[in-house]
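This report covers a cavity and a sheet. The structure comes first, then the notes on it.

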Amino acid sequence: MINLDTSQDLNPLEIITIDGPAASGKSTLGQRLAQALGYLYFDTGVMYRALTWLALQQGISMTDEETLAALAEKVPIEVTPPSKEDGRAYDVWIGNQDVTWAIRQPQVDDNVSIVSLYRGVRQALSAQQRRIGLRGKVVMVGRDIGTVVLPEAGIKIYLDASLEERARRRCAEMQARSQNVNYEEVLQSIRERDRIDSTRDIAPLRPAEDAVYIDSDGKDIDQIFEAAMQIVCSRQKQSS
Ligand code: CDP
């Protein structure tokens, strides 16, 4: 289990979790919230993606659970402020290699949910995420943050949208990066990832019981941000 000691003066209301299916807008919302509050933004999907990219590079089989778990224990993933103005919100490094865009390739999309199934992989990455989260003043984004990684978080959001809306948003993101886009392929890839993520035995994608559900269909980012800020402010005010 990933039961690291909880710091005594931890304020749960300074830990915000955002979970939800692929391309539901978690990253955009998380970054906006973190910036407004002066908190750290941490996207846990980056870690699963970086591990998957490295495993593909090294020719490791996606069914080789033991080797993937061992790699998860030692892969030196770092997320640092952006070093280039090419649309990135941050740099992602494996050792001294900049993998910021490499981890967004379709080949990673198509394999990341398999790598994320394995207990040893999840244990290694979740422990690192939990350590970062327990420092507080953090917005952490993923699939199992409110349920497994940081269940003591005081503010939990589950951000959802229809499959079609999410596929449209992902296509727009890819087009902005000049990637080749096929709407049907993107939709299928997201659908398959959601299926695997929500039906797995360990830490499946689902809203925490105490999460606030936001349906982002038909809402723009400003409206979603306002809704989330209202939740955060009213919770933090209630307790002060
Ligand atoms: O950005 P997008 O919503 O497409 O996905 P992501 O957040 O980058 O996550 C990529 C994949 O990593 C997910 O489809 C999950 O399989 C896995 N993941 C996970 O299992 N647990 C997390 N906390 C975060 C991501």
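## Cavity

The largest cavity holds about 40 Å³ of space. A cavity here is a set of points on a 1 Å grid over the protein atoms alone where a 1.4 Å probe fits but cannot get out, with lining residues having an atom within 4 Å of a point. Grid points are joined across faces, edges and corners, and the volume is the space filled by probe spheres set on the points. Searching the whole structure gives one cavity of 30 Å³ or more.

Arg 49, Arg 104, Asp 109, Arg 170, Glu 173 and Arg 177 line the largest cavity. Its lining has six charged residues, no polar and no nonpolar ones, with Asp, Glu, Lys and Arg counted as charged.

## Model basis

This is a predicted model, in which local features need pLDDT of at least 70, side-chain atom pairs count only at pLDDT 80 or more, and totals for chains, interfaces and linings use all residues. Residues are numbered from 1 along each chain as its sequence is written, and side-chain values use heavy atoms, leaving out hydrogens and water.

## Sheet

Five strands form an open sheet in the order β2-β6-β1-β7-β8, with parallel pairing. Strands (E, at least two residues) and helices (H or I, at least four) are DSSP runs numbered from the N terminus; two strands pair if DSSP finds at least two bridges between them. At the edges are β2 (40-43) and β8 (212-215), each pairing on one side only. From one strand to the next the twist averages 20°, where axes are lines fitted to C-alpha atoms, for helices over the stretch in contact, and angles run from 0 to 180 degrees between N-to-C directions.

Five bridges join β1 (residues 15-19) and β6 (residues 138-142) in the parallel sense. Ile 15 stands opposite Val 138 in β6.

## Helix on the sheet

Helix α9 (residues 221-238) packs on the sheet and touches β1, β7 (155-160) and β8, contact meaning heavy atoms within 4.5 Å. The direction of α9 makes about 160° with that of β7.

How values were computed
1 Å grid on protein atoms, 1.4 Å probe; cavity = no way out; pocket = protein on both sides within 12 Å on 5 of 7 lines; lining within 4 Å.
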